[in-house]
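Try each task yourself before you read the solution.

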Amino acid sequence: MESKKIAAIMAGAREDSKTDMRALINQLFPDFFEMHGDRAAGDDAAIVGGFASCGGRSVCVIATNKGKDMQERLATNFGSPEPQGYRKALRIMKTAESLNCPIITLINTPGAYPGADAEASGQGQILAENISAMLQLKVPLLAIIIGEAGSGGALALACSDQVWMLEHSMYTVVSPEGFASIMWKDGQRAQDAAQLMHIEPEWLKKQGVVERVLPENILADNASALKQLINEQLIDFDQIGLEQLLAQRHARFRKF
Amino acid sequence: MAAKFARHPKQALKDYEEKVPKGIFRYCQKCGAKFYFARAGKYHVCPNCGYGFRVTARQRLKMLTKQFTEWDTDLTTTDPLKFPGYQEKLTKAREQTKLQDAVLTGQAEIRGQQAALGIMDPAFIMGSLGTANGERITRLFEKATELSLPVIMFTASGGARMQEGIQSLMQMAKISQAVNDHRAAGLPYIVVIMDPTTGGVTASFASQADIILAEPKAMVAFAGRRVIEQTIHKKLPQGFQSAENAYQNGFVDAIVPRSQQVDKLGQLLTIFAGQKWRGANGE
């Protein structure tokens, strides 16, 4: 893989225009109603969740949000959810399950927030719970990676029937910086790391990690092309029975 | 004349290093105690603070049971990234641990009860989770479900296997759904957290058990201390991610020293082997 292409993917995934997930949600789902709180310990600004209609269907939308300006980015830890965020996502997804709404997750996160409080309130444990619960949800799940999707913090929102990613986005076991720092104790070698890790979306598609790679211009014109694709996918989901849906999801993750 | 008998401290240290065989004294990384190696005893435990030293999976098995049939002995990684230098690392780890990858699985008898047993090996590339041990753990749960056996998992892992990239991350989902299926069959799953249990293993099967036990002073964490310190720009105390803290915070059912583990596991297996409620219309 050319290093130029790798650099373009890394820059594109972290593009400023992608940080305001609320703007994208409003383009895709104009009647989106946002919910707040995990019903236990608080409300994490890094997770935006709620319900909306999409082509005459009710859908649940869960997204990570980095924030449009510095103030918001500080409040969201640059899009890194804390345990309350994952708990909020989970309780909204459970609501979606009981109301029979397909769940669409929009992902742009460097990963779960690595903080002392987050550790003490069970960051690893809530990720484990989300992964386990998502795999069993009795509604269709679609995950779309818009920018970064780092580590367990991304997987906990992407145990889905369909996972799509933009041409310039990355889905990684750890950020290229983290990888370089773990392997060579030198975070500066992120570019080398990205090359060895195979961050190219096309490669991930070949591995069966994602089903679709979407061109960047799908976000142009108020993301109307993306909206069209989501609508088509929702219609496809209508053709599958619950048992088949769960069996296919199982097979999707069993193959790795 | 005194100078004739005195040795320079540096010389004394050198003499010590030359004359005292290596490994005679052991150092505990948790409490800093130095002690004669034999005092660690057959369970390899610090006589001062009770920390259990890292041992290989095969050594650990000996502490638990003599009745054991190993499963899936030949599974190896496909090296999905063709990562430079990875094969050499694997060869070395295999020689060191006598395992094909970082987990030992099979069927064991503990206090007369049958169970599917998995033991992770921190000596095998930090017990990191890759495709081969991910598959082995998945099959452990699948086979346990098929044979109606409880699962006991001893976890120790530095997290994801970096050399296997995204495939390593996917193992978390793969194992989690095998855990789900095992649970759906009404079978118990017990975890014993060993030092260190971190990253993707904490964020999946180590936290999904019905009963979670931990060894004294074991580190249990999601993110590493260094990463957290760099993120929040604060120094954190050594050991703030200990099993004792996880217990305080409500994430561990009991702290169990090695010498009591067989008894405790036997107790739990016996309790859950009792007759289950089937209701008036049950089988």
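Predicted model: local features only at pLDDT ≥ 70, side-chain atom pairs only at ≥ 80, totals over all residues.

**Exercise 1. A residue in a loop**

Asn77(A) is found in the loop between α3 (70–75) and α4 (83–98) of chain A. Then decide whether Asn77(A) counts as buried or exposed.

Solution. 
- Step 1: Count the C-beta neighbours of Asn77(A) inside 10 Å; there are 24.
- Step 2: Compare this with the cut-off, by which a residue is buried if 20 or more other C-beta atoms lie within 10 Å of its own.
- Step 3: Asn77(A) therefore counts as buried.
- Step 4: Look at the backbone too. Phi of Asn77(A) is near 50 degrees, which is a positive value in a residue other than glycine.

**Exercise 2. A residue in a helix**

Turn to Ala223(A), whose place is in helix α11 of chain A. What is the phi of Ala223(A), and how many other C-beta atoms lie within 10 Å?

Solution. 
- Step 1: Phi of Ala223(A) is positive, about 55 degrees, although the residue is not a glycine.
- Step 2: Within 10 Å there are 18 other C-beta atoms, so Ala223(A) is partly exposed.
- Step 3: Now see what Ala223(A) meets. It is one of the α11(A) residues in a contact with α2(A), where Leu24(A), Gln27(A) and Leu28(A) are the residues on the α2(A) side.

**Exercise 3. Two helices within chain A**

Describe how helix α2 (residues 21–28) and helix α11 (residues 220–238) of chain A cross.

Solution. 
- Step 1: Recall what is needed. Two packed helices are described by the angle between their axes and the distance between the axes.
- Step 2: For α2 and α11 of chain A, the axes come within 9 Å and the crossing angle is roughly 65 degrees.
- Step 3: List the partners. On the α11(A) side they are Asn222(A), Ala223(A), Leu226(A), Lys227(A) and Ile230(A).
- Step 4: Sort the residues of the contact of α2(A) with α11(A) by class, which gives 5 nonpolar, 2 polar and 1 charged.

**Exercise 4. The whole contact between the chains**

How many residues does each chain bring to the contact, and which element of chain A gives the most?

Solution. 
- Step 1: Chain A brings 37 residues and chain B brings 36.
- Step 2: Several elements of chain A each supply at least two residues to the side that touches chain B, including α5 (116–120), α6, β7 (170–172) and α12 (242–254).
- Step 3: The one that gives the most is α6(A), with 9 residues.
- Step 4: The side of chain A that touches chain B divides into 22 nonpolar, 13 polar and 2 charged residues.

**Exercise 5. A strand residue in chain B**

Find Ala115(B) in strand β5 (residues 113–120) of chain B. Why does Ala115(B) count as buried?

Solution. 
- Step 1: Ala115(B) counts as buried because it has 25 C-beta neighbours inside 10 Å.
- Step 2: Leaving aside neighbours within four places in sequence, its contacts include Ala108(B), Ile110(B), Leu149(B) and Leu269(B).
- Step 3: Take Leu149(B), which is 34 residues from Ala115(B) along the chain; their C-alpha atoms are separated by 5.3 Å.
- Step 4: Widen the view to the chain. Of the 283 residues of chain B, 45% count as buried.

Conventions:
Residues numbered from 1 in each chain as written. Chains lettered and ligands numbered in written order. Helix = DSSP H or I, 4+ residues; strand = E, 2+ residues; numbered from the N terminus. Buried ≥ 20, exposed ≤ 12 C-beta atoms within 10 Å, placed from the backbone. Contact = placed C-beta atoms within 7 Å. Nonpolar A, V, L, I, M, F, W, Y, C, P; charged D, E, K, R; others polar. Axes fitted to C-alpha atoms, helices over the stretch in contact; angles between N-to-C directions.
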